[in-house]
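I set down here what I looked up in the structure, entry by entry.

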Amino acid sequence: MSLLSVENVTAGYGDVQVLWGIDLRVEQGEIVALIGSNGVGKSTLLRTISGLLPTRSGRITLGDADIGGLPPDQVVAAGIIHVPEGRRLFAAMNVRDNLLMGAYHRRDGTPAIRRDLDFVFGLFPRLYERRLQDASTLSGGEQQMCAIARGLMAAPRLLMIDELSLGLAPRIVEELSAALLKINATGLSMLVVEQDVLTALDLSHQAFVMVSGRITLSGSSKSLADNPFIREAYLGVAPVAGVAP
Amino acid sequence: MTAMLRLLNVSRRFGGLIAVNNVSFELRAGEIVGLIGPNGAGKTTLVNLITGVHRAGAGEIWYGDERIDRLPPDRIARLGIARTFQVVQPFPLMTVLENVTGGALFAGGVPTIGAAKEKAMEHLTFTGLSHLAERPASSLTLANRKRLELAKSLATNPRLLLLDEVNAGLNAAEIDAALDLIRAIAARGITILLIEHVMKVVLTATSRVLVLHHGELIADDTPGSVTRDPRVIEAYLGPKFAARYGALAP
Amino acid sequence: MMRVFAFAAAVVLVLLPALADNYVLRVATTMLMYSALALGWNFIGGFAGYPSFATAAFFGLGAYASGVLQTMGVPMPAAWALGGAIVALFAAALGRAILHLRGHYFAIASLVVAEVLREITNSATDLTGGGMGLNLPVLSLDVTNQARLFYYAMFVAAAAALATTAFVAHNRLGFGLRCIQQNEDAAIMLGINTLRYKVVAFVLSAVFPGVCGGIYASWVNYIDPTDVYDVLLSVKPIVMVLLGGVGTVMGGVYGAILFLLMEELVWRNLLQFHAGLLGIIVVCLVLFLPNGLRGAGWAKPWWRRRTEEAAP
Amino acid sequence: MLYVQVLVNGLVLGGLYSCIAVGFSLVWGVLNVINILHGSLIILGSYAAFFAYQYLHINPFLFVPVAALLLFCLGYAIQLVFVNRVMGSAVLITLTLTFGLNLLLYNLMILAFKADFRKVTLSPPLGSLNLAGVIVPVDRVISMGFALALVGLLYALLRGSRIGRAIVAVRMDREAAQLMGVNVSRIYAITFGLGAAMAGAAGSLFSVMFPISPETANALLGKAFVICVLGGLGSVPGVMVGGLTLGIIESYSALFFGPEFSVTISFTLLILLLMFRPTGIMGRRGYQ
């Protein structure tokens, strides 16, 4: 029984349909990557799962609970946390308050929340240094760390991260990937939408490729990395010789 | 001959934060120059300074032999400096054709709405959007919205075009198409400053690359030497990346 | 088809004074006045998308300017025109001062202008008669001819407002204002001098209410500050345009007619609950708007409809 | 000595003014809605205090929490039933909606309470203190104390509590707040309720100091405008600064130009501020 299963989901904005029957699964403890160029509907799928966008048809289940069509606050209560595209930390609030906002829906008391706060500060020491700083004064990389940490504070069963590397220097992306692997090691399953195909395939166990609102290819990340179609379309590798993937 | 655009020791701070710090460089007519740097390095602020959205705290900006760092943005647009926005800024409820007509009608200097619409249609065909002319701008995909931004700024018939992250989010195939478009625009004699994150575009399309880091210009050289410059690698590219793309650039 | 309907309406409007009794004439004159106010507001509120609550200020200033001029012996029509000019100058200066504000800040600034003008008029007793009000020189016409005169005066004002609206909607100014309404920052980048365009729209939104203020003053012959600077003179035109369709050419006219018919039916029987009922009408209109503004759903401009008809 | 007296009067008045404006600033800052109803809600609080004192002999100062609770419920209901349907609409829509609601509430108050002025006269009048020549009416000082305490309480709630953080989060990024599990409509209703509660509390304090009638509602709304722009939107300390500043300006202008000019001067000040310094003295992007 998968942790998350998305069956034949369609969704869109107004008269523009974006998702045309999506099937996707995340197994317990796995990191799943969702790759594809911008505008194909990756973010739309995450927004549909997290309830920001209504599902038009199809089913979304977490464990055995059907969460399709639930409002965002109930999807959060069910345990799916969505780290949005562009990070979207709360300005005029310091880092610590942003992290506490992550734990807003939790009912398991202050000691448990304080314990998780120490865990995320341990995972991202720089956030501890800047904990009393206004979140909008952080650098791009630090903001992404804070957004991920804020998601962890909600004690999720599934963490969804939208556009991990957007706008970040490659060096920072390497650091973040290492942190995500460490988090996954604690057993947390993840669904990561990622622009840079190399980063995505390095990071994940399974991957799904989306083109204009449909899943066209899926499988283990290793197999996809060697797949000629992926190398051609996304790595633009084939024509220019001499570049190791 | 005088440079098309000249920045002399330009700086700007917001509150305590120095966004752009003592930047100087020149752009000569017909060049395609890249501008790279991590998020928050000051790239967009630099574009806002050139286009008059922000006023320079210190230093001068010259466009040909006219000083423009004190002019309002609409005057600068009418002088022939156009830009695309990193966060796409269409007129949402207007059609694609009307969006581009606006460019031709005002900065483009076309007198009547009718003539401006014809001019706009030319730019739509050039950017491959003519089949979407009557669609509302809000219904476009991201790639097409980026093309709409391009068509709008072309309609103002600029001599200098600042492309801010026009290729962000496109896949390899879409990037190749965008590259051809950029080369076609340059072929019309328009000077281009390409603000980019997608290294593949910058390394193959530009003759010169400016690297910005924490608001300072740390490199102004050919793409090849920039990717091998240790300061750039340390500040932005990271060793693994440089190895992968080092061989790619001339 | 539209041509026939418009022509027939024009004929009826021109012949009305000869046919209708004084009550119908009074209601028709009020409808024409509010059509002019709504069409005026549409320039800044509809086309440019700036939520102006200054219509009452322009109306009141026009009333007092032409009223005071008439007490100084200026003939009535000249006083109306001069009143309109004074209001236009005032709006140009005010526009330059507050049109850099956006959203709520602009709304509040425009709302408060009428309050300040009312207080100033109240205290300038030697010129305006202050709180005691201002009596205008009595006309030498009998009652029915007076009613007809002011009907035609308001008719001319409304027709001028409609013609100007149609003209602006078809030219650069209208297109530029619509760009400003959709996304002002992008409009600046296309080379539009947005402040100048907004000030022109603001002056247009002032001159028609200003002239109507002058005509109204002569019509009722006695004005006082609370009457001509009443905030409802700012709010009713807005609700009328919302009802009729924001940013369109005819929206203000349809809205004015519908709103005043509704108000006339309701008001006739429940006098002491008038404000409350007006409130209920406004709330219902805003919550259940037929085709007016909800969020950014501005109505379609003229050139969109033509291209769609022309498109295969 | 006269100047000190006028200054003290201004500060005492200013304390109450900040309480009058803080609810309006909260609703404007967080919901981005100009609540034209705010003046009438204050007067409703005053009438509640007046009748509680008249018939139930509850001292208005003790009645403050009750007025706040009553108005909180009314505010919560108004938001859920009416304002929630236009959240995110253009300024024009939200402003016109609350204008219509205010017309209705004003007319209902006229019918219920008639238009004549009423004043709470405490049976053992509290008299006034004489601090080195400066006469300070006790009831005003208590009102000011209450007002500043209420403003401080709201500030603490916004900064320190879970609900307060949620309110600020919704203000800064509604969608991101939803992703944290915040039920946004409930937070809007709580915020509007809090705004109304502060209005009710201010109303009870107001009834002790000034005569009340449905007609004075618009003047109170006008003061709330000026204070918010003067002090800077989006900060409770800003409202306190704005309120005290307006209190001082009005009492000095009453001294130099006569009391009837205080409204004109405060509105002229508002327009000048909007022209040159719309963000006000303490204006900040966030909301504390």
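I began with the domain assignment of chain A (bounds from an automatic or database assignment), which gives domain 1 (1-79 + 156-245) and domain 2 (89-155). The model is predicted: local features need pLDDT of at least 70, side-chain atom pairs count only at pLDDT 80 or more, and totals for chains, interfaces and linings use all residues. Residues are numbered from 1 along each chain as its sequence is written, while chains are lettered from A and ligands numbered from 1 in the order in which they are written.

I noted 24 Å between the C-alpha centres of the two domains of chain A. Their contact (C-beta atoms, placed from the backbone, within 7 Å) takes 13 residues from domain 1 and 12 residues from domain 2. On the domain 1 side, helix 7 of chain A gives the largest share, 5 residues (helices are DSSP runs of H or I, at least four residues, numbered from the N terminus).

I then turned to chain D, where 33 residues are in contact with 33 residues of chain C. Helix 4 of chain D gives the most to this side, with 14 residues.

Among the contact residues are D:Ile163 and D:Val170 of helix 6 and D:Ile187 and D:Thr191 of helix 8.

Note on methods. Two residues are in contact if their C-beta atoms, placed from the backbone, lie within 7 Å. Helices (H or I, at least four residues) and strands (E, at least two) are DSSP runs, numbered from the N terminus.
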